[in-house]
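Here are a few friendly notes to read alongside the model. Please keep the viewer open and find each element as you go.

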Amino acid sequence: MLNLTGPEGLRLEQLVQTFERNRAAYLSGKFNETQVRVEFINPFFELLGWDVHNKRGYAESYKDVYHEDAVRVAGASKGPAGERISAATKAPDYAFRIGGTRKFFLEAKKPSVNIKGDPGPAFQLRRYGWSAKLPLSILTDFEEFAVYDCRVRPVKNDNAAKARTLYTTYDQYLDKWDEISSVFSREAVLKGSFDQYADSYKAKRGTAQVDDAFLAEIEVWRGNLARNLALRNPNLNQRQLNFSVLRIIDRIIFLRMCEDREIEPHGQLQSLLDGAGIYPRLIRYFKNADDKYNSGLFHFKNEKSRPTQADELTLGLRIDDKVLKDILKTVYYPESPYEFSVFPPETLGQVYEQFLGKVITLTPKHQARITEKPEVKKAGGVYYTPKYIVDYIVEKTVGELLADKSPSAPAVKNLKVLDLACGSGSFLLGAYQYILAWYCDQYVRSGVDKHKKVIHQTRGGEWRLTTAERKRILLQHIHGVDIDIQAVETSKLSLLLQVLEGESSETLARQLSLFKERALPDLGDNIKCGNALIAADFYDNQQAGLFDEAEQYRVNIFDWRAEFPAIMQAGGFDAVIGNPPYVRQETLGRDKDYFQKKFAVYHGMADLYAYFIEQGITLTKPGGYFSYIVSNKWMRANYGEALRLYLQQQRIEEIVDFGDLPVFKTATAYPCILGISKNAPKNKLNITQVKTLGFQNLSDYVAQKHYAIDRKSLSKQGWSLANKKTQSLLAKLKTQGVPLGDYVNGKIYRGVLTGFNKAFVIDAQTRNRLIKEDANSKKIIKPFLLGRDIKRYLPPENNHFLILMPKGWTNRNKGKTRNGWRWLEQFYPAIAGHLFPFKKEAEKRCDKGDYWWELRACDYYAEFEKPKILLPDISLRGNFALDPDGKFYCANTAYIICSGDKYLLGILNSHLITFYYKSLSSTIRGGYLRFGFQFMKPLPIRKIDFANPEEKTKHDQIAALVAQIQDLNKTHAAVQTEHEKTVLQRQIAAADQRIDQCVFDLYDLTEAEIKIIQDSVK
């Protein structure tokens, strides 16, 4: 915090006084924006701790403040048909950054601008901040200082005060310094105060994300284009229609982004709105782009030097003017809130990842429909990887490979990075950005004079790689594969836009004249479409007739050695990174037979990511690095056993486990980062269990929180990632008891699966009605508990009942009567009348009995009518209750343990058992535990030697405390006043704590061991 009584406070006071003395001259317009920046704004933010001029000598990619070019392209130009094109727009003057990540923009104005009342500057700043996904940004001419919430979507009619969170003037700076510095000083940003301030306004005002808005925009484009193309081009098949729609949208977005980045004349697409025949005129721009960029995005002539085939389809399409007008109107001011010059490349990828979750289909009448892809629907949505995850994985793979090396080193020249399920390209883009920044920093450090051909300085003083060098780096280092051709094209688009980052029409023209080549590369040899898991041997010993055209496109075989021959001959890729698809095993179909023959990690229930892990490691070069973000379920699930055995033979460098934290915005995935180096296995691996997403930097968090565990401690039955002390405690607990499965002789059962609860599970009102109509019904209607009905230590109370006629029941009871249904109608008419409306649905069940009205066979129905312990399948902790009279059946959302032992009930409800269970099973969203046989059976239960008086006393004490809690709960349910309930609840809690202490004593735990348990389960 700045000391206003010290030298820095004096500097601020002098700034204010200087402005005051010369205010009249400033307001008269004698001083321009640049002078205001140099004389006032720069010193002001230096007082806030920002290294405005990079005096600390940070690398280019890590400078505190990024200055945009002071001189802008002005005037107008003409398009290919002679039409007038408007002047280019400008970009924000400052970007304030931490570790290379933008935190807020600052837009500087001349003092003559009325910041408080003029809506124009505010709208301009808010467009910058909103498009860049920044929460806050600043508008100032030093005389006035305004802060805006840039998450509120800017609208052209907004007044200047809209979304403004702070406004002050120069004469209040001394009084309001604490308020300003507590949010916008560098220290405040590092400590999270900036984010807290932003969050406080987010809650009050409501926000709109630019990616959500742009996704909705381009989904409308897709729908309108698809319907029009299907109508006007009846010969298009479904694949051609999807290709054409995406390619036209990609080209428009690319050219529009190039306009705002001053690479294309601003407004050239907008000029097409005047006059008819828009698509033929748009094609002229496409062809010009082919000549200028050499990108596969614009490829209309076959050339020997280019790996991709020319597009011979889209230039001949017919599109109505209205469809294109509706698109072009939405990407220009004033209708458009987007400022594409600051649109983050990863945001475009995120939008496209969601966009590509749907596909265009054709009806028999050749009408276009937009439908969700089946694999996306079954996976529960699209999993777009957050940027901080991408950055971390890239740092731990590519970063390690580049560390302490020079650009001329063979290891750098030959560096190959792969994402074998690249999707929209987020990991490839992250790797490319990292490598670009690394090269630029290396060239600057070693002396820019040595590298004049590959680096140049902007008017704002920033060092940048030339486009030719950016092209070389992309083609040399970045490779990707995806089974979806639309995803492949989207990856290419994101990477191509990154090649052009920071360029202008002037710099491109200069480089074109110097190097005599077009601006962009054709990425056909780098980013390829194919099935990363299935090669040509898929068809071995298969009948050709089994695979129609649709199936061949679905399988999309891919031969790694044929597609990347030089890389594979050299041993593979140096870094394999990514987020493999979340595809459930139920959808894999006949591919499973192939996976069983090909992959060591095969299991019939394994999801697709398991095979991507093995394939990714196989493709990693010796000495290289592999890192994925995947579900953590493989660590403990039965289907993960083969994968665990496989991974134990690898050199695991780290596992970063996020547990149930919401890493993915649109899906619950329980992810972890798995990092492996292709070297000899080592005994130790680093573990980080991430407890919050509130960190500033994941690398720093991991550095502070990681710990090492022994590879030999990882069991094929399931991996516990606990630290050494916790592992030691778990081992001790295991020896202190016998497995629960042995303690109860294996009698742990799941509740009843009806296959159709709507028919067979009824409420009390229906039960009473059925019994009233037919007293016989009472024999087959059982009290029934759902998982949520079971509460810790509480006597079960049911609001549901089960109509129980298991397999074989009808035949046993109907005697020689041939028609089972007529017999049921005769002897149980009320039940028959209730069930008959559900006949069609009940017949569809795979698990019914001999008749549609019967439940499946079950060997343990009788156990439900004996004393037992109940538990729900999902709970925050041990949540066991006793059914001493065997009164209740329960649903498949609950389990029963065949014992009426109150001592066992106390042990199971203790914190010790919850702690042990958490070590065996993954938590799910919200910190909940999912209980299951495989994890319950090993729970260590202390067996009592009743011949030992001391042990018998401990047993009896726990049983007595359980009985006390049960009695207190009954009393608690009966009392009426709040005071009575509070007193009883305190007694229940005290008894519960005493049970914990008794259990700790029974298992012979030390104070340090008790603390480990208490810290884990609190």
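**A bent helix and an open sheet**

1. Start with helix α14 (residues 387-402), which bends by about 35° at Glu395. The bend is the angle between axes fitted to the seven residues ending at a residue and the seven starting there. Helices (H or I, at least four residues) and strands (E, at least two) are DSSP runs, numbered from the N terminus.

2. A word on the source: this is a predicted model, where local features need pLDDT of at least 70 and side-chain atom pairs count only at pLDDT 80 or more, while totals for chains, interfaces and linings use all residues. Residues are numbered from 1 along each chain as its sequence is written, and side-chain values use heavy atoms, with hydrogens and water left out.

3. Just after α14, look for Asp404, whose phi is positive at about 60°.

4. Next, find the open sheet of nine strands, ordered β15-β14-β11-β16-β17-β19-β18-β20-β21 with mixed pairing. Two strands pair if DSSP finds at least two bridges between them. At the edges, β15 (527-529) and β21 (707-710) each pair on one side only.

5. Inside this sheet, β17 (residues 620-631) and β19 (residues 671-677) pair in the antiparallel sense over seven bridges. Tyr628 has Leu674 of β19 as its bridge partner.

6. Which strands does helix α24 (residues 609-619) touch as it packs on the sheet? Contact means heavy atoms within 4.5 Å, and α24 touches β11, β16, β17 and β19.

Methods
Axes are lines fitted to C-alpha atoms, for helices over the stretch in contact, and angles run from 0 to 180 degrees between N-to-C directions.
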